[in-house]
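Load the model and switch to a cartoon view. The stops below are given in the order in which to select them.

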Amino acid sequence: MKKAIGTVLLTAVVLAGCGTADRPADRPADRPAQEPGTVAWSTCTDLMGPDGNPAPPAPGVECGKLQVPLDHAKPDGEKIDLALIRVKATGDRLGSLVFNFGGPGASGVDTMAQAARAFGSLGTRYDLVSFDPRGVDRSSGVKCGGQIAKLLASTTEADGDRLAGEFAAACQQDSGKLLPYVGTVSAAKDLDLLRAALGDGKLNYFGLSYGTHLGAVYATQFPKNVGRFVLDSAFDPTVTWEQRAVTQAEGFDHAFQAFAEDCVAQSCELGADPAAVEKAVVDLLDGLKDKPLKVGDRELTYGLGQLGVITPLYAKASWQVLEQAAAAAIKGNGTALLMLADAYTGRRADGTYTTMMTSLQAISCADTAERPTSADVAKVNDRVEKIFPVLSVEGSGAPCAHWPVPGDDAAKRIDATGSGPIVVIGGKGDPATPYQWATRLTDQLKTGVLVTYEGEGHGAYLTGNACVMRTVDAYVLEGKVPARSTSCAA
């Protein structure tokens, strides 16, 4: 299975890069591309919970749709619907606060329904709004003929490059009309149409992970429309594909070592010292290459085991889950690790998948002119394996090399000159978006104000750190811009 899953894994872990098929002008206008549309809000009917089962909406939660051009160069041409969700403000309303939770490819509709409580203090003054970006789930989600399910279920040493070619061909067949228009610049233009439809003169925005890239591109496109902006767990869009892979391998290695040390300090089931913990997990995964674990009518394969290990490394709060899941798998029960992998890949309880992985692939390939070959992927994997063997994906294909749409590097150019202050948060122990990316994005924006979180985890605000939350809340609710040297201890 190692080769088959590798096509998915290396793309999934490496956050999407830069560019789009929709180039901005040297200094884009700060007005939307068309007259603002309207949103008809109503009861949500198709929300999905974190367990992959349908979930009813909480009180005060509404869903809606906004029509946007498929091609922003043709504002009067074919339209697509953006799926929206809104959690109405509980107090004296200031306006809307729009969220993108990352990916690229994550459903903002489902995530907001699950995560609204974590942003409850902001929800006292703002309607909390999110959306499925173009090409994601309810917003003309990219479909690829069931290829993701095929890749994830495979246990053969199939040729990764052939599988990557088949995957790209299936995406072209099912979603070819959409693929040229799913890049981040197009999504940023959607964001400004959403701002106008919500009736806000300026966009108040909270972006996490890939959402920081979308926010930075928006601020470059529409600097005068920037309201109170928070970019948490920031991404540097100027790094190359190889630099991203290596830097993230270093980040996840750091996170795993921190997990192992914490585990040992609390009497760890996996080993008596950090080195023994790592060996136990690597041995577990290596064993799955030749002998996957049966889980009901499914199997925990090597690649799914990798995803199961990586997923809880994103947050310190889930480290205990990793210990328990890995220990159970070592004893022959792969249920918990498989559930973690399913959460990562967007598998629903009925066995179908969201467009999480296919959308990620489509946006990632649209968002860069880089087209690494299988040889390039193998070279990078050699470096990754030396840093953090758990991320090793040898034999992977090169999906973007087969992609039917050429990429574009337009969104590498970040410059928000003319905007108000943009708060950028970087975590010293963030495995997926390492701290140095936050410092670089702050510089690129020109108007960025860096806040440093000294602790572990991806998404500093979501760690519940009182200093981070207090700093962000004061800015978003009261307009108090953090001091430039602000740092929050773990």
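Start with helix 9 (residues 302-310) and helix 11 (residues 335-345), whose axes come within 7 Å and cross at roughly 85°. Angles of 65 to 115 degrees count as roughly perpendicular, so helix 9 is roughly perpendicular to helix 11. The model is a predicted one. Show side chains here: Leu304, Leu307, Gly308, Val309 and Ile310 in helix 9 meet Leu337, Leu338, Leu340, Ala341, Tyr344 and Thr345 in helix 11. By class, the contact of helix 9 with helix 11 has nine nonpolar residues, two polar and no charged ones.

The axes of helix 8 and helix 9 are 8 Å apart, and the two helices pack at an angle of about 155°. Helix 8 and helix 9 are therefore roughly antiparallel. On the helix 8 side, the contact is made by Val281, Leu285, Asp286, Leu288 and Lys289; on the helix 9 side, by Tyr302, Gly305, Gln306 and Val309. The contact of helix 8 with helix 9 divides into five nonpolar, two polar and two charged residues.

Next, select helix 7 (residues 241-265) together with helix 10 (residues 319-330). Their axes lie 10 Å apart and the packing angle is about 80°, which means that helix 7 is roughly perpendicular to helix 10. Helix 7 contributes Ala255, Ala258, Phe259, Asp262 and Cys263 to the contact, and helix 10 contributes Trp319, Leu322 and Glu323. Six residues of this contact between helix 7 and helix 10 are nonpolar, none is polar and two are charged.

Ten strands form an open, mixed sheet in the order 1-2-3-5-4-6-7-10-11-12. Strand 1 (42-43) and strand 12 (487-488) are the edge strands, each pairing on one side only.

Within the sheet, pick out strand 4 (residues 95-100) and strand 5 (residues 126-132), which run parallel and are joined by five bridges.

Move to strand 10 (residues 422-429) and strand 11: they run parallel, with seven bridges between them. Gly427 stands opposite Tyr453 in strand 11. Is strand 11 (residues 448-456) buried or exposed? Eight of its nine residues are buried, so strand 11 is largely enclosed by the rest of the structure.

Which residues have the most contacts inside the largest nonpolar core? They are Phe119 and Phe229, in a core of 148 residues. Helix 7 supplies the largest share of this core, ten residues. Centre the view on Phe229 and display its neighbours. Leaving aside residues up to four places away in sequence, Phe229 touches Leu203, Tyr205, Gly215, Tyr218, Ala219, Ile422, Val423 and Tyr475.

Notes
Residues are numbered from 1 along each chain as its sequence is written. This is a predicted model: local features need pLDDT of at least 70, side-chain atom pairs count only at pLDDT 80 or more; totals for chains, interfaces and linings use all residues. Side-chain values use heavy atoms; hydrogens and water are left out. Axes are lines fitted to C-alpha atoms, for helices over the stretch in contact, and angles run from 0 to 180 degrees between N-to-C directions. Helices (H or I, at least four residues) and strands (E, at least two) are DSSP runs, numbered from the N terminus. Angles under 35 degrees count as roughly parallel, over 145 as roughly antiparallel, 65 to 115 as roughly perpendicular and the rest as oblique. Contact means heavy atoms within 4.5 Å. Ala, Val, Leu, Ile, Met, Phe, Trp, Tyr, Cys and Pro count as nonpolar, Asp, Glu, Lys and Arg as charged, and the others, Gly among them, as polar. A nonpolar core is a set of buried Ala, Val, Leu, Ile, Met, Phe, Trp, Tyr and Cys residues joined through side-chain atoms within 4.5 Å. Buried means under 20% relative accessible area, exposed over 50%, partly exposed in between (1.4 Å probe, protein chains only). Two strands pair if DSSP finds at least two bridges between them.
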